[in-house]
Amino acid sequence: MKGKVRRKILHRIFIAICLFIALAPIYWMLNTSLKSEAEIYLKVPTMWPKAPTLEAYRYLLTETNFLNGIKNSLIVAGFVSLFSIFVAYPAAYVLARMTFKGKRFFSKTVLFTYLLPTSVLYIPLYIFVAKLGLTNTIWGIMLIYPTFTLPYVAWILIPHIASISTALEEAAYIDGCSKFQTMYRIIFPLALPGIISTTIFAFAMCWGEYLYALVNLVSKEVQTFPLILSGLIFGDMPPWNQLMAGAILASVPILVIYLLASSSLVGGATAGGVKE
Amino acid sequence: MNKKSRRLAENTKFAYKINLPLIIYLACVLAFPICWGIYISFTNKTIGGEAAFVGLKNYQRLLKDPEYIRSIVNTLKFTVITIGLKMVFGTVMALALNVDFKGRNLCRALLMIPWTLPNIVVVYNWRWIFNSSGGVANHLLKSIGLIDKDLVWFGTAGLAMLTIIIANVWRGTPFFGVSILAKLQTISDSYYEAAQLDGANAFQRFIYITLPEIKDVIILSAMMSTIWTINEFETVWLLTGGGPNGSTEVMNVYSYKTAMRSMMLGRGIAVSVLALPIFILLISLLTRRMLPEEEGSRKAKRFRRRSV
């Protein structure tokens, strides 16, 4: 019995250490964002802001292009994730529900493109976008991003659709629904929880994307927030409080959605993970 | 039989018709640029310049370039170390979360946070923590007496590698943890009870019951994570820029510098093309494991039964 109690205590201590490792860096981000420029470069860093101030946030939002970067990121990620759901849903549907010639090859292709890393693609796509005259426009990256969100969405949605009972479909079929109607009017609403969580993940993938944006977007007006953030780094003493304020602001939407939905997201949807 | 084959033909027509937008998109924006890119790797194309066919010259140059060889060595070192650490930490995290306790769901959600944050945010956060002036890492190490002078993290070869490893492992561990945890929760308690009756201690129970059950999911996660880690760019580029003296320059940083800084697009693509066989090998191994039709497990049978 004594051993059980000791094990319990050790276990709780271990969990606490894990939580500390996972959350302390995030606390440091928040802490820094609330400090003044003078305080961040003190000889001894303060564990708690001496004089908490929102000055870094104010400067970031009013004196830099950060807000515009957030707007660009929102447009790109919003458009691409919705587009991906509508184009990739039929693929997930037929892979989960139907037998057809070439199914195996089709599913293999989807999985292959899902796993194909960006490093193989970024230079060819840079040339492709340049040839279309879309370099340095958000249209260019909106064209590129579905190359990773489409296969991701198609692949992740398959188990969500496969878990829906086939009884309703059979009933719809007997009532004379076409395949197309069954797919959109019967199954789509039933798969909606999975579709929403997948859309969120696709959104998150586009939201923080850096390499494609770095190669394709040059002007401040069209840059997404990751580039605006890295643009804040210059000289020997970058304004870390503003950078961390930007990091907090860019993380908040993702974290809120994630924590709200975590019960449904932690299970199946994360098993495939978010492609880095 | 006739009805069945007619239905198959109907299904096939429907499946391809409804997926036409996807197929056209992937053909135009994925397949075509890749093939074009592979062709360009045999030319001397530069940014803004015209391309002339040069055969294998890009590849020969690369293989003779010590900087390229070093970038491959760095990538291997970085990948092997981070994957190993993420596997161990992820397993331990999953085991700790597999115990029933109050607030477990909250803890699990909180421990997932590093994985959900945008990578760029994570990278800048570590860059600030390890900053030589005002960084908290130096302060903490000094206050517990481990060091007495500020370390220049990004300017010292070994330490720079350590920072990119920490940033990568910190963000990547929850992916392993949650994947392994999902598998752990499917192991029946009766196995452990039987083993306990037979007098197996905790360590034996882990080695003989838990490990064989979670082996597959660990391998799967490791392979996926390997693809992502070999592919790592921004963690390295934004933390150390590949320095000091190229000691953290991984493959992708080298290819970026070659293609975008030195403007040699052809040679930059050649770097990716040389890595392609490894990616294709990993991806086909993964495909074999992840496509249910090929494994004989329970899940596969369920999957098949459900498809009409």
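Modeller: Chain A of this predicted model is built from 14 helices and zero strands, so that its elements, read from the N terminus, run α-α-α-α-α-α-α-α-α-α-α-α-α-α. Along the principal axes, the C-alpha atoms of chain A fill a box of roughly 75 × 70 × 30 Å, and of its 276 residues 47% count as buried. Of the contacts in chain A with a separation of 6 or more, 76% are between residues 24 or more positions apart. The domain assignment divides chain A into domain 1 (2-33) and domain 2 (64-271), whose C-alpha centres lie 33 Å apart. Contact between these two domains involves four residues of domain 1 and six residues of domain 2, and the domain 1 side consists of two nonpolar and two polar residues, with no charged ones.

Chain B likewise has 14 helices and zero strands. Its radius of gyration is 25 Å, well over the 19 Å that the globule rule gives for 308 residues, and chain B is therefore more spread out than a compact globule. The box filled by the C-alpha atoms of chain B is roughly 75 × 65 × 30 Å along the principal axes, and buried residues make up 39% of the chain. Among the contacts of chain B with a separation of 6 or more, 68% link residues 24 or more positions apart.

The two chains meet where 74 residues of chain B are in contact with 78 residues of chain A. On the chain B side, the largest share, eleven residues, comes from helix H2 (residues 20-40) of chain B. By class, the side of chain B that touches chain A has 52 nonpolar, 18 polar and four charged residues. For the complex, the predictor gives an ipTM of 0.86 and a pTM of 0.87.

Helix H11 (residues 192-207) of chain A has 16 residues and reaches 22 Å from its first C-alpha to its last, which is close to the 22 Å expected at 1.5 Å a residue. Its buried residues include A:Phe201, A:Ala202, A:Phe203, A:Ala204, A:Met205, A:Cys206 and A:Trp207, and also listed as buried are A:Gly194, A:Ile195, A:Ser197 and A:Thr198.

A:Tyr210 lies in the loop between H11 and helix H12 (211-216) of chain A. With 22 other C-beta atoms within 10 Å, where 20 or more are required, A:Tyr210 counts as buried. In sequence A:Tyr210 and A:Leu227 are 17 residues apart, while in space they are 7.2 Å apart, C-alpha to C-alpha. Once the neighbours within four places in sequence are left aside, A:Tyr210 is in contact with A:Pro226 in its own chain and with B:Ile120 and B:Glu234 in chain B.

Just after H12(B), B:Met263 takes a positive phi of about 65°.

As to confidence, the mean pLDDT of chain A is 86, with 94% of its residues at 70 or more, and chain B averages a pLDDT of 87, with 94% of the residues scoring at least 70. In chain A, confidence is lowest in helix H14 (residues 240-271), at a mean of 74, and highest in helix H7 (residues 138-144), at 94. Where pLDDT is low, the predicted coordinates should not be read in detail.

Note on methods. Residues numbered from 1 in each chain as written. Chains lettered and ligands numbered in written order. Predicted model: local features only at pLDDT ≥ 70, side-chain atom pairs only at ≥ 80, totals over all residues. Helix = DSSP H or I, 4+ residues; strand = E, 2+ residues; numbered from the N terminus. Expected span 1.5 Å × (residues − 1). Buried ≥ 20, exposed ≤ 12 C-beta atoms within 10 Å, placed from the backbone. Contact = placed C-beta atoms within 7 Å. Nonpolar A, V, L, I, M, F, W, Y, C, P; charged D, E, K, R; others polar. Domains from an automatic or database assignment. pLDDT = per-residue confidence, 0-100. Rg over C-alpha atoms; globule rule 2.2 N^0.38 Å.
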